[in-house]
Amino acid sequence: RLPSLILWGPPGVGKTTIARLLAQRIGAHFCSLSAVDAGLKDLRELVLQAKQRQARGESSLLFVDEVHRFHKGQQDAFLPHLESGLFTFVGATTENPSFELNKALLSRARVYQLKPLAVDDLLVILRRSLDDPHLSQQIQGASQQAQQLLAEAAEGDARKALGLLELAADSFPGLELQVEHLQSVLPERVAQFDKGGDSFYELISALHKSVRGSAPDAALYWLCRMLVAGCPGNYIARRLVRMASEEIGNADPAALQLAINAWQSMERLGSPEGELALAQTVLYLAAAPKSNAAYLAYKSMRALVEAMPSEAIPDHLCNAPTALLKELGKSKGYRYAHDEPHAYAAGEQYLPPIMAQRLAELPDARLYQPVERGLEVKIRQKLDFLRQLDQQHSAD
């Protein structure tokens, strides 16, 4: 028995075709709904027909295109029929099922992710189409270079590839299609980009990981992909500031300043002038020494603060601007670091007691662990030296 399925993938990769082939393979009646224009009334009618076929010993496969467009209540309407086995359910979606489909439906179906078709796959489809009698009456075929151009222009979408072929055939009847013919009918290529959708977050993820991986050319590629597709430069600039702190941190503090400067340049110059500053910054961030020490220390300390009670601020760390506060002992015992050797008050405690005890239990007794790269090499040396001063103070 075929389980219920969710086919997740971009347009034109054959989701509907797969559903039809599955129905054929299991000998089930194929019935379909489009969530774009269908509702519960249409579903009830298909359910009634499926029950009639079931009474005759026949099975049904229900294909729902764009299933993510059904709201939660509509999606829930499928559940009893999946449970009863009235029909095999196959849903198709271009959106991430994790976010667009409710958990009850997902728990009853297997999710298969379909990728864009490769150029070689599209070439096979185009060659089969050129052998179609109807098309062969219109044109005398297409050169290999023209077929290659069509396959590349379709960007993984078989439906788009066939549509472009038909458009070219209608525009140049009776001819063998050449590259020069296609160049006049192919639309300007626009990189795939869906603001707020999966491709949006996958592109920024690819850019971020290329910067983290110290791959300047790859980072520049993903930057240009986003810009060409229409991603706002200010959004990219904001993310670059995050990358500078998360991936580079104190290994090269100039990275953060450069990212902020690029953001300001983008705001002041706009597109396309400001985009060069983004490119400069992306290349710098990718080539810079990497450290996530500040990022890890921040995450760990924040988790500790959220998990522990708020302790009173130690008296010696408080100000005492009034006589009353001085009488209460505020600021008493505070050691002014600049008056100490090396401008460091060895042994001084700047944390509340419970937090200090919690950190003392850590293997290295500190959350911030500078790496052996970039400026953090010197920062680590400085912190190690100050720790030695603390140890000497405790021994004395």
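**Notes on a predicted model**

Visitor: Is Ala-343 buried, partly exposed or exposed?
Guide: Ala-343 counts as partly exposed, at 44% relative accessibility. Buried means under 20% relative accessible area, exposed means over 50%, and partly exposed lies in between, with a 1.4 Å probe and protein chains only.

Visitor: What kind of model is this?
Guide: This is a predicted model, in which local features need pLDDT of at least 70 and side-chain atom pairs count only at pLDDT 80 or more, while totals for chains, interfaces and linings use all residues. Residues are numbered from 1 along each chain as its sequence is written, and side-chain values use heavy atoms, with hydrogens and water left out.

Visitor: And what is the mean pLDDT of the protein chain?
Guide: The mean is 88, and 97% of the residues reach 70 or more; pLDDT is the predictor's confidence in each residue, from 0 to 100.

Visitor: Where is confidence lowest, and where is it highest?
Guide: Helix 8 (residues 133–138) has the lowest confidence, at a mean of 82, and helix 16 the highest, at 96. Helices (H or I, at least four residues) and strands (E, at least two) are DSSP runs, numbered from the N terminus.

Visitor: Back to Ala-343: where is its place?
Guide: Ala-343 is in the loop between helix 18 (323–327) and helix 19 (353–360). Its phi is positive, about 55°, although the residue is not a glycine.

Visitor: Which other residue has a positive phi of about 55°?
Guide: Glu-66, likewise not a glycine, has a positive phi of about 55°. Glu-66 lies in the loop between strand 3 and helix 3. Most residues other than glycine have a negative phi, and most peptide bonds are trans.

Visitor: Which peptide bond is cis, then?
Guide: The bond from Ser-271 to Pro-272 is cis, with omega near 5°. Pro-272 belongs to the loop between helix 15 and helix 16.

Visitor: Changing topic: what is the strand order in the open sheet?
Guide: The open sheet has 5 strands in the order 2-3-4-1-5, with parallel pairing; two strands pair if DSSP finds at least two bridges between them. Strand 2 (29–34) and strand 5 (110–113) are the edge strands, each pairing on one side only. From one strand to the next, the twist averages 20°.

Visitor: How many bridges join strand 1 and strand 4?
Guide: Strand 1 (residues 5–8) and strand 4 (residues 88–93) pair in the parallel sense over 4 bridges. Ala-92 in strand 4 is the bridge partner of Leu-7.

Visitor: Which strands does helix 1 touch?
Guide: Helix 1 (residues 15–26) packs on the sheet and touches strand 1, strand 2, strand 3 (60–65) and strand 4, and its direction makes about 175° with that of strand 3. Helix 2 (residues 40–55) also packs on the sheet, touching strand 2 and strand 3, with its direction at about 175° to that of strand 2. Contact means heavy atoms within 4.5 Å. Axes are lines fitted to C-alpha atoms, for helices over the stretch in contact, and angles run from 0 to 180 degrees between N-to-C directions.

Visitor: Which residues touch the most other members of the largest nonpolar core?
Guide: Leu-207, Leu-223, Met-226, Ile-236, Leu-278 and Leu-285 do, out of 29 residues in that core. Helix 12 (198–212), helix 13 (216–228), helix 14 (233–248), helix 15 (254–269) and helix 16 (275–287) each supply at least two residues of the core. Helix 14 gives the largest share, 8 residues. Apart from this core lies another, of 23 residues, including Leu-122 and Leu-165. A nonpolar core is a set of buried Ala, Val, Leu, Ile, Met, Phe, Trp, Tyr and Cys residues joined through side-chain atoms within 4.5 Å.

Visitor: How many salt bridges does the structure hold?
Guide: The structure holds 13 salt bridges, a salt bridge being a side-chain nitrogen of Lys or Arg within 4 Å of a carboxyl oxygen of Asp or Glu. Arg-212, Arg-242, Glu-246 and Glu-247 are linked in a network of them.

Visitor: What about Glu-66 and Arg-69?
Guide: Their side chains meet in a salt bridge, at 3.9 Å from N to O. Arg-69 is exposed, at 52% relative accessibility.

Visitor: How far apart are the closest N and O atoms of Glu-306 and Arg-302?
Guide: The closest N and O atoms of this salt bridge are 3.0 Å apart. Glu-306 and Arg-302 are separated by about one helical turn, because they are 4 residues apart in helix 17 (residues 293–307). Glu-306 is exposed, at 58% relative accessible area, whereas Arg-302 counts as partly exposed, at 45%.
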